Amino acid sequence: MSKVAVIKKGRPGATQKKMWRTIAYTTLIVGSAVSLIPFLWMLGTSFKDPANVFADPIQVWPNPWLWSNYAKAFSKLPFAQYTFNTCLITAISMFGQMISCALVAFGFARMRFPGRNVLFVTLLATMMLPAQVTMIPVFKIWSTLGFYDTFVPLTLPSFFGSAFFIFLLRQYYMTVPYEMDEAARIDGASTLQIFYKVLLPQIKPALATLAIFSFMNNWNDFLGPLIYLSSPAKRTLALGLYAFQGQYATDWNYLMAASAVVMMPLLILFFCGQKYFIQGVVISGVKG
Amino acid sequence: MKPRILILFIAALAVGAMLLVGGCAKRQPGVTTIRFASWGNDVEEQSLRALIAEFEKRNPHIRVEIEITPWARMLDKLMISSAGGRPPDVTRISSEWFPPIAAKGLLEPLDDYIERDNYDLDDFYPESIEGWGVWNGRVLEIPTDIDIYAMYYNKDMFDKYKLPYPDETWDWDKYLEVAKKLTLDTNGDGVIDQWGTTLDMWWQDYVYANGGTIIGPDPATGDVQCTLDQPAAYNGLQFMADLINKYHVSPTAEEAANQGTSKLFTSGKIGMTISGSWAAELIYKNEITTFKYDVAPIPKGPKERVSIICGAAYAVLKRSQHKEEAWELVKWMTGKEYQRAAAMRSQIIPSRRSVAESGAYLGLDADPKNRQAFLYMIQFGKPVPPVSCAPEMTQIIQSELDLVRLGRETAEEGCKKVKPKVDQLLRHRD
């Protein structure tokens, strides 16, 4: 899908083409190596002895190589419980966002009603509002409703859509020819039937994009769990990682070992769904 | 129609399940539940739970819900939950958060409770009560642990060069003299690879030791202003920078970059380092394996002997609905049993004199042996300046002083540059 853009003028000879390609690939390899350094550094640190974390000269290859960091990091905290909590929150939110956003975006793309554009712009405007501004009022609402220390504030809002995803899906719906709706309607389909029988299968790639973004946001969310959860049994992975960071000392090797494992699902997901992820950025012009 | 119904059904089920999980909190008649917030690693958390269990056993009418938050984000959580109207009933507070929290009026004054119950506040080190317990003349927190600084030194290195160990007779001159003797190029390659000392994590101590102050009243208006532009203040800071740039007895940022100065000390390349009482337990216990070390009082500056003093405390939140029960818990958490346990578990210095001077702390069988030096330093403890904007102020000054430490400007230039910024911050504090 993604090929290196090669700028050509006239009819270049084979050597010239080869030269361009060499330059392009070298640049790409150097670029990706640079952006991979933090990740490799994290992996390296996760196997190091604490004494070598900040060793001088910098130790690239851990020596001694300590697999035990992983075992220790995981025995220090109840990671099974944290993983279960994170998976539960992520799965419910992902599901909620998929159904609510698909439905709302369908309305914006296909229904004609007065005030639609005003509504749509209002929706987009909510994207401009930083989460920090609404954090305290929203916290107040949830705690008044009695949902402090439950997963509700972290999951229920996703059943009410999210501006960015609605925008993304609406753009995708617009690319589906309107004739498909008309054909279905002639065959006697209701509006909702058109939605899930005709359009939903068409926007699957966009839904996949949404799923990946949503998974990432929920999996990595730190502030939400921090302010809404208090019982240790309800902690999420992102919150659990902070336990390695103390007031005066940080267990870098354990922190990095745990981080590496927590990152794994994201990494796998990105490798499998890279196509959709990049597509999402291209369609919406917005990075999630 | 089937898929739609299925989808809605699953959604309803999921939401319903969550409501159910949230809804079933245990309620027993005659038992008051209070919420207690703290931070801590796994070891501290276990010990905290044991102590709370003991408290519940002794006070069967009180049930305590424990909320553990990572230290790094505890202040955020406390501020957000307070603003959102749902703070805990009792919280542990780190001394550096005290000014902003106290200034916002989030804490219940405890004077009446103390008087009524005849609580033995006299047993506490006054430096801790005054440092992070009292705000505008009222007691808002009961301090529980103390973090104090002293000078750790590498005994083997002193023995090797036949130098006397540091003691309370030392002043800055003696300190510098010995530091110079320990700063050497041990392998003869023309590059210094052993240093006499290193800068500590603070800069405030150098100001105070030289008789300076960070903030003080404006003689004309009486308003609080930055006083770092006074010679006593910046000359103290100049001594700090000179340790690196003029005398070269402390590694430069570049020399320490890859390892951090703490690591240079634990790997035996630094003779003396001023560090916290916490360092022995959290760092040195695991990292110092090749030499013997001990602590001594911090050398006296031209005017004063100074250590920065920090710590933690317990407080009752003003919005608590169960203040009596909360106060009971504060009393327990600042009591002798708690402090004895903390000292024996992780060498934490108790804020109660009676516990600190008992075998529970002084009699610990762990390095450093001369832990009396920490208790001796408490009387010279200087806390965080009591202004609500203390964290921001420290940050502004800190970043300017980085340039001073690098030798890019003198302490006088740095302090004169930073004064207007700090003054502006002080004028607009809430």
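Student: In this model, how far apart are R49(B) and E45(B) along helix α2 of chain B?

Tutor: This is a predicted model, and the two residues are four apart in helix α2 (residues 42-58) of chain B, which means they are separated by about one helical turn. Their side chains meet in a salt bridge, with 3.2 Å from N to O.

Student: How many salt bridges does a search of the whole structure find?

Tutor: Over all chains, that search finds 29 salt bridges. The pair R49(B) and E45(B) is an example to look at in chain B.

Student: Before going on, what confidence values come with the prediction, for the model and for chains A and B?

Tutor: The model scores are ipTM 0.73 and pTM 0.79. For chain A the mean pLDDT is 84, and 91% of its residues reach 70 or more. Chain B has a mean pLDDT of 88, with 92% of its residues at 70 or more.

Student: Into which domains is chain B divided?

Tutor: Domain 1 of chain B takes in 31-147 + 309-382, while domain 2 is made of 150-308 + 386-427. Each domain is therefore written as two stretches of the chain, under an automatic or database assignment. Between the C-alpha centres of the two domains there are 29 Å. Where they touch, domain 1 of chain B gives 24 residues and domain 2 of chain B gives 25 residues.

Student: How should I read the size of a contact like that?

Tutor: The size of an interface is often given as the accessible area lost when the parts come together. Here, domain 1 and domain 2 of chain B bury about 2000 Å² between them, and 68% of that is on carbon and sulfur atoms. On the domain 1 side, F374(B), M377(B) and K382(B) lose the most area to domain 2 of chain B, together 28% of what that side buries.

Student: Which kinds of polar pairing does the rule find across this interface of chain B, and how many?

Tutor: Between domain 1 and domain 2 of chain B the rule finds zero salt bridges. It does find six residue pairs in polar contact, both residues being at pLDDT 80 or more. Several elements of chain B give two or more residues to the domain 1 side, including α4 (98-103), β6 (142-154), β11 (307-316) and α15 (336-346). The largest share of that side, four residues, comes from α18(B). Sorted by class, the domain 1 side has 14 nonpolar, four polar and six charged residues.

Student: And what about the domains of chain A?

Tutor: Chain A is divided into domain 1 (14-67) and domain 2 (71-284). Their C-alpha centres lie 32 Å apart, and the contact takes 11 residues from domain 1 of chain A and nine from domain 2 of chain A. Together these domains of chain A bury about 750 Å², 80% of it on carbon and sulfur atoms. In domain 1 of chain A, F39(A), M42(A) and S46(A) lose the most area to domain 2 of chain A, together 55% of what that side buries.

Student: Let me try the backbone. Is the peptide bond from D367(B) to P368(B) cis or trans?

Tutor: That bond is cis, with omega near -5°. To find the spot, go to the loop between α17 (359-362) and α18 of chain B, where P368(B) lies.

Student: What is the phi of D149(A), and where is that residue?

Tutor: D149(A) has a positive phi of about 60° although it is not a glycine. Look for D149(A) in the loop between α5 (131-144) and α6 (152-155) of chain A.

Terms used:
Residues numbered from 1 in each chain as written. Chains lettered and ligands numbered in written order. Heavy atoms only, no water. Contact = heavy atoms within 4.5 Å. Buried area = accessible area lost by both parts, 1.4 Å probe. Salt bridge = Lys/Arg side-chain N within 4 Å of Asp/Glu carboxyl O. Polar contact = N/O pair within 3.5 Å; in protein donor to acceptor, adjacent residues only side chain to side chain. Nonpolar A, V, L, I, M, F, W, Y, C, P; charged D, E, K, R; others polar. pLDDT = per-residue confidence, 0-100.
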